[in-house]
Amino acid sequence: MKQTPDALVRAPTDLSNYLSCRHLFALDLRAARGELGKPVRSDPFIEDLRERGLAHERAYLERLSSKGLRIAGTEAGLTIETTLAAMRAGADAIYQGALAHGAWAGRADFLLRVDRPSTLGAWSYEACDTKLARDTKAGTILQLCVYSYLLERIQGTRPVHMHVVTPGNDFTPQAYRVDDYGAYFRLLERDIDDFLGTPGATYPEMVAHCDYCSWWSQCEKRRRDDDHLCYVAGISSTQIRTLREGGIATLATLAAVDDVPEPSRGSREALLRVRAQARAQLRGRESRLPYHELKAPFDAEHGLARLPEPTPDDIFLDFEGNHFTEHGVQEYLLGYVMRDAQGRYAYTALWATTLAGERAAFERFMDLATQTRARNPAAH
């Protein structure tokens with residue numbers, strides 16, 4: 001989002017941000033208008049995701065180049081003018097092309113040429129984005145809708161498809177029909193126009209996007225200061241709405257009430273359980289000591305009592321996996337704890353940086369487990 005002397009220009013990410021969190025959109029709007037300074041979030045996980053995303057994007061570019069396609073653009077990106085020139089010249093693919101029309105402007109990862117006539121000639125272009133997520137998210141589709149909208153204005157023909165390249169499918173783009181999602185895009189666009197006209201008050205509700213948001217620290221402080229119900233462990237957004245409608249808006253208030261509202265959805269028993277959870281958390285918070293309660297019933301037929309009897313040869317195992325790998329190491333750390341010859345618990349870590357190392361680590365552990373079970377069939 002960028003405020004120019006003439007208008008507020010929106011980026012495709014603003015559309016997905018609006019869908020994810022109205023408060024995020026409102027803060028970005030104030031930052032664009034110079035009312036707030038936008039924070040920079042330093043997070044190794046987010047930086048790693050960004051680097052992996054760029055690597056995936058470059059790998060797809062290399063795949064297109066290996067096919068002998070005429071590619072315009074560089075990682076630094078094209079201008080609006082050079083992007084239009086590349087489109088008129090009929091490049092097979094345009095990398096980091098800039099598009100703009102009206103209130104929208106953005107930079108698509110790729111524009112792919114298709115054999116469909118337009119004002120450019122006997123060809124036109126469709127937008128393609130590279131994403132790490134193996135399941136395409138709604139925000140990705142909406143961003144592609146913006147690029148498709150811009151392409152329609154520029155080339156005079158609406159793209160039939162928009163594409164997403166995800167890991168693990170040999171760089172084969174997944175195609176989505178623009179007309180299947182266009183109506184929803186236009187609805188959200190009208191909603192944004194209404195919001196910009198009368199922004200109103202927003203609140204930093206806890207949403208999935210908080211994990212990546214640059215405003216997270218500021219929003220987290222406000223929720224903590226407000227003793228927000230979202231910090232009751234295990235509570236759902238539906239339960240939070242029900243409690244608020246009943247005048248219960250904080251963890252401390254929930255812990256103190258004698259009764260809970262009758263929910264229109266879900267069960268009253270579930271609300272009583274989250275009240276008990278709030279009471280346990282409040283007690284620990286006020287005493288500044290770890291506090292826990294055992295869930296009833298606690299007898300030979302429930303809970304930990306159902307675990308099998310331990311043996312001296314039991315093995316405690318864990319894998320640490322790489323969720324973003326593609327044709328590489330998936331389980332980079334295999335770690336286990338068991339008793340050594342002196343009867344002391346010892347931890348063994350088997351690291352893997354290659355596929356051969358990953359296989360060797362797994363085989364080594366399976367040999368150990370097989371030998372242990374052969375020696376002691378009761379081992380777990």
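Predicted model: local features only at pLDDT ≥ 70, side-chain atom pairs only at ≥ 80, totals over all residues.

Colleague: Okay, which residues touch the most other members of the largest nonpolar core?

Modeller: Leu15, Met87, Ile94, Trp104, Leu111, Tyr125 and Phe185 do, out of 38 residues in that core. Helix α5, residues 138-155, gives the most to it, with 9 residues.

Colleague: And what is Trp104 in contact with?

Modeller: Leaving aside neighbours within four places in sequence, its contacts include Val9, Leu15, Leu99, Val146, Leu150, Phe185 and Ile192. Arg10 and Glu189 are also among them. There is another core too, apart from the largest one, with 17 residues, among them Leu229, Tyr231, Val257 and Val274.

Colleague: Why would side chains like that end up together?

Modeller: In soluble globular proteins, nonpolar side chains tend to be buried together.

Colleague: What about Gln96, is it buried or exposed?

Modeller: Gln96 is buried, because its relative accessible area is 10%, and buried means under 20%. Gln96 is found in strand β4, residues 93-101. Not counting residues up to four places away in sequence, Gln96 touches Glu57, Glu75, Arg107 and Asp109, among others.

Colleague: Switching to pockets: how much space lies in the largest one?

Modeller: About 1,800 Å³. It is lined by 43 residues, and the closest to its centre are Thr13, Lys131, Gln143, His209 and Tyr212.

Colleague: Which element gives the most to that lining?

Modeller: That's α3, with 8 residues. As for the make-up of the lining of the largest pocket, there are 16 nonpolar, 15 polar and 12 charged residues.

Colleague: And the second largest pocket, what volume does it have?

Modeller: About 310 Å³. Arg273, Tyr291, His292 and Glu293 are among the residues that line the second largest pocket.

Colleague: Now salt bridges. How many does the structure hold?

Modeller: It holds 24. In one of them, Glu75 pairs with Arg58, and the closest N and O atoms are 2.8 Å apart. Glu75 lies in the loop between β3 and α4 while Arg58 is in helix α3, so the pair ties together parts 17 residues apart in sequence.

Colleague: What does the salt bridge of Asp170 and Arg63 tie together?

Modeller: Asp170 and Arg63 meet at 3.2 Å, N to O. Asp170 is in the loop between β7 and β8 and Arg63 is in helix α3, so that pair ties together parts that are 107 residues apart in sequence.

Colleague: Which residues are linked in a network of salt bridges?

Modeller: Glu152, Arg153, Arg158 and Asp179 are.

Conventions. Residues numbered from 1 in each chain as written. Heavy atoms only, no water. Core = buried A, V, L, I, M, F, W, Y, C linked by side-chain atoms within 4.5 Å. Buried < 20%, exposed > 50% of the residue type's maximum accessible area, 1.4 Å probe, protein only. Helix = DSSP H or I, 4+ residues; strand = E, 2+ residues; numbered from the N terminus. Contact = heavy atoms within 4.5 Å. 1 Å grid on protein atoms, 1.4 Å probe; cavity = no way out; pocket = protein on both sides within 12 Å on 5 of 7 lines; lining within 4 Å. Points joined across faces, edges and corners; volume = space filled by probe spheres on them. Nonpolar A, V, L, I, M, F, W, Y, C, P; charged D, E, K, R; others polar. Salt bridge = Lys/Arg side-chain N within 4 Å of Asp/Glu carboxyl O.
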